[in-house]
Each structure stands twice: as structure tokens, then as C-alpha cells.
Amino acid sequence: MELELIKVHGSENEFFILDETVLERTLSEDELVSLTKIITDRNEGLLNGADGVLLVGAARHKATGESMRVINYDGSEASMCGNGLRTVARYLSEKHNQDELVVETMHADLHVKKAEDLGKDIQTFQVEISPVSFNVDALPFNWADETFIDQELPELTPGLRFSAVAVPNPHLISFVDHKTMESSQLKELATYLNGANPYFPDGVNVSFVEELGNQKIFVRTFERGVGFTNACGTAMAASSLMYVLLKGGKLEEKVQVTNPGGMVQTIVHQKEDGTYWMDLIGNATYLSKISISLKDILNHQLANNKQIRLDENKNYHDFIKHISDINIK
């Protein structure tokens with residue numbers, strides 16, 4: 001069976017998009033996990049690997065439409081990926097010739113749409129990040145209280161304060177100074193919390209956030225099931241929410257979020273019932289289109305592929321250089 005893959009990135013968070021709706025048959029779960037581990041391997045994978053596979057499928061609980069599943073490079077499944085959703089939004093927008101759609105994800109049907117370009121010739125999409133929950137059971141997080149907002153974990157990181165939120169995948173967020181951002185504390189804490197630990201039985205995404213100015217933050221994230229990536233879309237959305245709640249950020253106004261992979265914009269919204277949701281606005285960049293058989297992948301014969309390299313990344317890197325010149329301290 002021949003597979004058509006697109007290597008993409010959102011904020012340099014790299015993925016392979018695989019549209020299962022056009023395949024001869026549905027992949028088994030074992031095939032999907034094996035395929036993901038093989039092609040995303042950073043040393044021996046396809047086109048230098050990736051952070052995961054975005055599987056486009058038919059909607060599961062709606063009569064029409066399509067769904068997105070996020071398979072991390074280690075074969076585990078994430079409940080959502082904001083950077084990945086932007087690239088899937090672009091793919092489906094072009095597939096159906098529609099500027100606005102709804103994409104089914106594990107926990108919610110999310111609105112996505114084409115947005116004004118962030119920079120010259122930068123394909124840009126806006127995606128909904130929801131649902132949001134502060135209840136520790138939603139993460140899950142073994143804690144005595146129902147929520148964990150702006151509190152210390154003194155036995156782990158004395159002097160730092162954290163907030164826990166599910167969007168819907170779990171995030172632990174701390175606002176830090178520049179020196180702490182550059183230290184080894186994020187790696188040490190996140191490695192511990194994503195191994196055997198008494199707090200997060202399923203692991204957690206951990207982010208350090210630095211305030212850069214009015215409605216501007218920098219986010220560095222250690223992702224559950226992946227490790228350090230150039231960016232994590234849901235982490236940037238969750239960090240923007242905590243910036244609004246704890247640091248004087250403004251509802252309904254764009255927050256500029258820089259990260260090691262570039263920049264996105266977020267908007268934090270509050271519903272009439274007091275709950276929150278976020279918009280995540282950023283690039284959806286195509287790197288290559290690849291044709292390869294499933295058999296060759298599973299036999300580790302990755303050289304047996306046909307590919308078309310695309311020219312979009314130069315525009316993105318030019319954009320990032322401009323952003324870096326403005327924002328990096």
C-alpha cells in the first residue's frame with residue numbers, strides 16, 4: 001500500500017501528515033505505532049525524522065468531517081497538538097477548498113480557519129484550543145486540593161511557583177526570570193515528572209515562561225512523550241492563559257508568544273459561564289511531499305521513496321530572523 005506523506009512544521013514543531021481517508025485500508029494500531037517510530041526517528045528516520053505523525057481520519061462521532069490524531073515519536077498518543085492542528089487545518093482547507101472548518105480531536109470538535117499571514121508568504125492558520133480545566137483530576141495530578149494555581153513544589157523546585165491546567169493535555173507552568181530560563185532546572189524537573197513520580201502518573205508537559213513586555217512572553221517547553229521541542233502549541237496557549245490570569249495580560253487581545261521555533265499569537269477568551277478557551281495563530285509550513293510504501297517503511301527501507309521538496313521554509317526562516325532581531329534579549 002502506497003502512502004502519501006507531507007512533512008510539515010508549525011513553529012518548527014515537525015510532523016508527518018498522513019491522510020488515512022485516502023488509503024486502501026485503515027492502518028492497524030500496531031502498524032501506526034511502528035510506522036511512527038520508524039519515520040520520526042531523528043537519527044535514521046525519514047527526512048531526518050520528526051516529532052510525531054498527524055493522522056487525518058473520518059470523524060468518529062459526527063456524521064461528516066474529519067478528525068486528527070496525534071501520535072508522538074515514541075508511539076504514545078497525545079490528546080491535542082496546537083502546532084500540529086494548524087498544519088492539518090491547512091491541509092484540510094486546501095483539500096476541501098474551504099477557509100474555515102471544524103476538526104474533531106480526542107476531546108473536542110475545534111474550529112480552525114485561515115488567518116492573515118504573520119509574515120511575507122507565511123501560510124498562517126488560527127485554531128481553537130479547548131476545553132480548559134483547572135481541576136487536578138483532569139490532568140491527572142495527585143494533589144490534595146481541587147486546583148493548583150500559583151503554588152510552590154518546594155521539595156522539587158524551591159522558590160518557583162507553578163500552575164497546573166489541562167487544555168486538554170496536561171501542563172505545568174512557571175513564570176521565571178531569564179537566568180532560570182537558561183538553567184538546567186526545566187530539564188531536571190520535567191524529566192522527573194515524566195518518569196516514575198508521585199505527582200503525575202501519566203506525565204505532564206512542563207513550561208517555563210519569561211515575560212518580555214506588554215502582551216509578550218517567551219515559552220520553553222519539555223513535552224510529555226517527546227522531550228524538548230522547538231515549540232508546543234498547547235503549552236503556548238496555556239501559558240498565555242496563565243499570563244492573563246496571573247500577570248496582568250488582557251483578555252480578547254493578542255499575546256505575542258516567542259519560542260525556540262519562532263513566534264505565534266494567542267488570544268484568551270472567557271465565556272459567559274466563566275470558562276476559558278484560546279485561539280492559537282501561527283504558521284503552517286510545508287517542507288516536503290513524500291510517496292513511500294507501507295511495506296518499505298515497516299522493513300526500514302526508507303530510501304525507497306519519491307519526494308518533492310518545497311520552498312516554503314526559506315520564507316519562514318526569514319520571518320524568524322526578523323522576530324529574533326526584535327525580541328531575543
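Which residues line the largest cavity? Select Arg-60, Met-68, Arg-69, Val-70, Glu-77, Ala-78, Ser-79, Thr-105 and Met-106, and you have its lining on screen.

Before going further, a word on what you are looking at. This is a predicted model, in which local features need pLDDT of at least 70 and side-chain atom pairs count only at pLDDT 80 or more, while totals for chains, interfaces and linings use all residues. Residues are numbered from 1 along each chain as its sequence is written, and side-chain values use heavy atoms, with hydrogens and water left out.

**Stop 1: the largest cavity**

A cavity here is a set of points on a 1 Å grid over the protein atoms alone where a 1.4 Å probe fits but cannot get out, and lining residues have an atom within 4 Å of a point. Grid points are joined across faces, edges and corners, and the volume is the space filled by probe spheres set on the points.

E4 has the largest share, with three residues. Strands are DSSP runs of at least two residues, helices (H or I) of at least four, numbered from the N terminus. By class, the lining has four nonpolar, two polar and three charged residues (Ala, Val, Leu, Ile, Met, Phe, Trp, Tyr, Cys and Pro count as nonpolar, Asp, Glu, Lys and Arg as charged, and the others, Gly among them, as polar).

**Stop 2: Met-68**

Stay with E4 and centre on Met-68. Is Met-68 buried or exposed? Its relative accessible area is 3%, so Met-68 is buried (under 20%; exposed is over 50%, partly exposed in between, with a 1.4 Å probe and protein chains only). Draw a distance to Leu-55, 13 residues away along the chain: the C-alpha atoms are 5.6 Å apart. Beyond four places in sequence, the contacts of Met-68 (heavy atoms within 4.5 Å) include Leu-54, Leu-55, Arg-60, Cys-81, Val-88 and Val-103.

**Stop 3: the second largest cavity**

Select Asp-121, Ile-122, Gln-123, Thr-285 and Glu-312 to show this lining. The space inside is about 30 Å³. One nonpolar, two polar and two charged residues make up the lining.

**Stop 4: His-9**

Thr-285 is also one of the contacts of His-9, as are Asn-283, Leu-287 and Tyr-316. You will find His-9 in strand E1 (residues 2–10). With 1% relative accessibility, His-9 counts as buried. Its side chain reaches the backbone nitrogen of Glu-12 at 2.9 Å.

**Stop 5: the aromatic rings**

Rings of Phe, Tyr and Trp (its six-membered ring) pair if their centres lie within 6.5 Å; planes under 30 degrees apart are stacked, over 60 edge-to-face and the rest tilted. The count is eight aromatic pairs. Select Phe-141 and Phe-200: their ring centres are 4.3 Å apart and their planes at 10°, so they are stacked. Phe-141 sits in the loop between strand E8 (124–129) and strand E9 (151–152), and Phe-200 in the loop between helix H4 (185–193) and strand E12 (205–213), 59 residues apart. Both are buried.

Next, pick Trp-143 and Phe-148, whose centres are 4.8 Å apart with planes at 80°, so this pair is edge-to-face. Trp-143 is partly exposed at 28%, whereas Phe-148 is buried at 0%.

Key
On a 1 Å grid over the protein atoms alone, a cavity is a set of points where a 1.4 Å probe fits but cannot get out, and a pocket is an open set with protein on both sides within 12 Å along at least five of seven lines; lining residues have an atom within 4 Å of a point. A polar contact is a pair of N or O atoms within 3.5 Å; within protein, one must be able to donate a hydrogen and the other to accept it, and residues adjacent in sequence count only if both atoms are side-chain atoms.
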